Structures are given as C-alpha cells and as structure tokens.
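Start with the chain, then turn to the ligand.

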Amino acid sequence: MLELIAGALWAMLPAYVPNNAAVLAGGGRPIDGGRTLNGRRLLGDGKTWRGTAVGTAVGVALALVLDALAPAAGDALGITLPGFPITAALGLALGAMLGDIGASFLKRRSGRERGAAFPGLDQLDFVVGALLLSLLFAPDWTLEVFSLARVAVVVVVTPLLHLVTNGIAYWLGVKDEPW
Ligand code: CTP
Ligand code: K
Ligand code: MG
C-alpha cells in the first residue's frame, strides 16, 4: 500500500512542480504571440515562453534531485522508489506544461477568459499531458512505473494536492486565483 501510494506520488513529482514554477517565473512573451482564433486568443497571456521553459527545467532538475535522494528515502520507508531516466523526466515535466497549455486552448475555445476556472480540467490537465508525453518519450519506464493502480492513486490524490497548493499560492499572493 505504501509502495503504491508513495511510489505514485514520487513518480509524479517532476510533473507536479512545473506549473507552480511557471506561476513564479511567468511573464514576458505569450506563446500565442497575441494570435486569435474566431475572435478569441489562441492561448492567452497566461501561457508564456518563459513560464513554460522555466517550469520544464525545474521539473527535470527535480527529477535529478529525486534520483539522488531515492536510495535513502526508499530505505527510510522500506520500499523501492522509482528512478527517472532523462527521457521520463523530460516527458513528465514538459508534458505537464503542455497539458496545461492544451487546457488553456480549450478554455479559450469555450469562451472562458484568462484565469477562469474549468473544474476537472484545471486539476487533471497536467496529469494527462505528463503521462502521455512520458509514454511517448519513455514507454517502457512509464508502463512499468505507472501501473493502473498507481494511475488511479494519481487521479484521486492529484486534485486534492492541486486544490491545497493553489489555495496556498493564492493565500501567499503569488497566484491570482485559488485554482
Ligand atoms: N504561466 C506561464 N506560462 C505557462 C503557465 C503559467 O507564464 N505555461 C504563469 C502565468 O503568469 C499565469 C500563471 O502562471 O498567469 C498562472 O498559471 P495558470 O493558472 O495556468 O494560467 P491563467 O493565467 O489562469 O490562464 P489560463 O486561463 O489560460 O489557464
Ligand atoms: K491552469
Ligand atoms: Mg489559472
């Protein structure tokens, strides 16, 4: 049970931090360059090159740190924690950012302005993006580490973690909305 839950969350950490890093690093040129589709922004000013690049880099860097910590942390918990091949680290981190960007695209198409909430999508967009890109970049690793049971854990626990971390970021004043 511990191996199932701790392993799932550990393996998702490089996908959890990029969006938070992007909030802190964001700004500058929007990815869509101001372009519109049917009168609405393609993505909006909330998706920037800098936020995306820094978020991805922070996610990959965290995977390297986790790799260094895994033996000691696994010993302490009495379980084996998954390591991150660089392909998996990049897939999880970049995939998380792309999932969030894809969600902004859908928000604009459905008439939601920048910052509007889209319950469900907001909490899981980056999970879907991260798992898909990880599957593409590191298929064997992804299928081995993310068993169906672990994916189920991630889908249940991530929205809760997302609500808590974004609530804290809003309360600290670093995020404009608590979602
Ligand atoms: N951010 C960024 N680049 C990204 C993702 C986020 O620069 N790829 C920064 C932006 O400053 C953004 C903030 O992080 O405003 C919060 O991210 P998010 O809530 O995902 O964006 P929103 O501003 O709410 O825009 P959207 O409605 O398109 O999700
Ligand atoms: K978002
Ligand atoms: Mg938002």
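Over residues 118-139, the chain is 82% helix and 0% strand, with end C-alpha atoms 30 Å apart. The model is predicted.

**Annotated spans**

- An unreviewed UniProt entry carries the annotation "transmembrane region" for residues 49-69, 76-98, 118-139 and 151-172.
- Residues 49-69 are 100% helix and 0% strand.
- In that span, 49-69, the end C-alpha atoms lie 30 Å apart.

**Polar contacts of ligand 1**

- The side chain of S104 has an N or O atom 2.6 Å from an oxygen atom of ligand 1.
- G115 takes part through its backbone: a polar atom there is 2.7 Å from an oxygen atom of the ligand.
- K175 places a polar side-chain atom 3.0 Å from an oxygen atom of ligand 1.
- How much of ligand 1 does the protein bury? Taken alone, the ligand exposes 570 Å², and the protein buries 90% of that.

**The pocket and its shell**

- Ligand 1 takes up the space of the largest pocket.
- Which element gives the most? It is α3, with five residues.
- In total, 20 residues surround ligand 1.
- The closest of them are K47, T48, S104, R114 and G115.
- By type, the shell has four nonpolar, eight polar and eight charged residues.

Definitions and conventions:
Residues are numbered from 1 along each chain as its sequence is written. Chains are lettered from A and ligands numbered from 1 in the order in which they are written. This is a predicted model: local features need pLDDT of at least 70, side-chain atom pairs count only at pLDDT 80 or more; totals for chains, interfaces and linings use all residues. Side-chain values use heavy atoms; hydrogens and water are left out. A residue is near a molecule or strand if one of its heavy atoms lies within 4 Å of it. A polar contact is a pair of N or O atoms within 3.5 Å; within protein, one must be able to donate a hydrogen and the other to accept it, and residues adjacent in sequence count only if both atoms are side-chain atoms. Accessible areas come from the Shrake-Rupley method with a 1.4 Å probe; for residues, only the protein chains shown count as cover. On a 1 Å grid over the protein atoms alone, a cavity is a set of points where a 1.4 Å probe fits but cannot get out, and a pocket is an open set with protein on both sides within 12 Å along at least five of seven lines; lining residues have an atom within 4 Å of a point. A molecule sits in a cavity or pocket if more than half of its atoms lie within 2 Å of its grid points. Helices (H or I, at least four residues) and strands (E, at least two) are DSSP runs, numbered from the N terminus. Ala, Val, Leu, Ile, Met, Phe, Trp, Tyr, Cys and Pro count as nonpolar, Asp, Glu, Lys and Arg as charged, and the others, Gly among them, as polar. UniProt positions are given in the numbering used here, feature names are shortened, and annotations may be inferred rather than shown by experiment.
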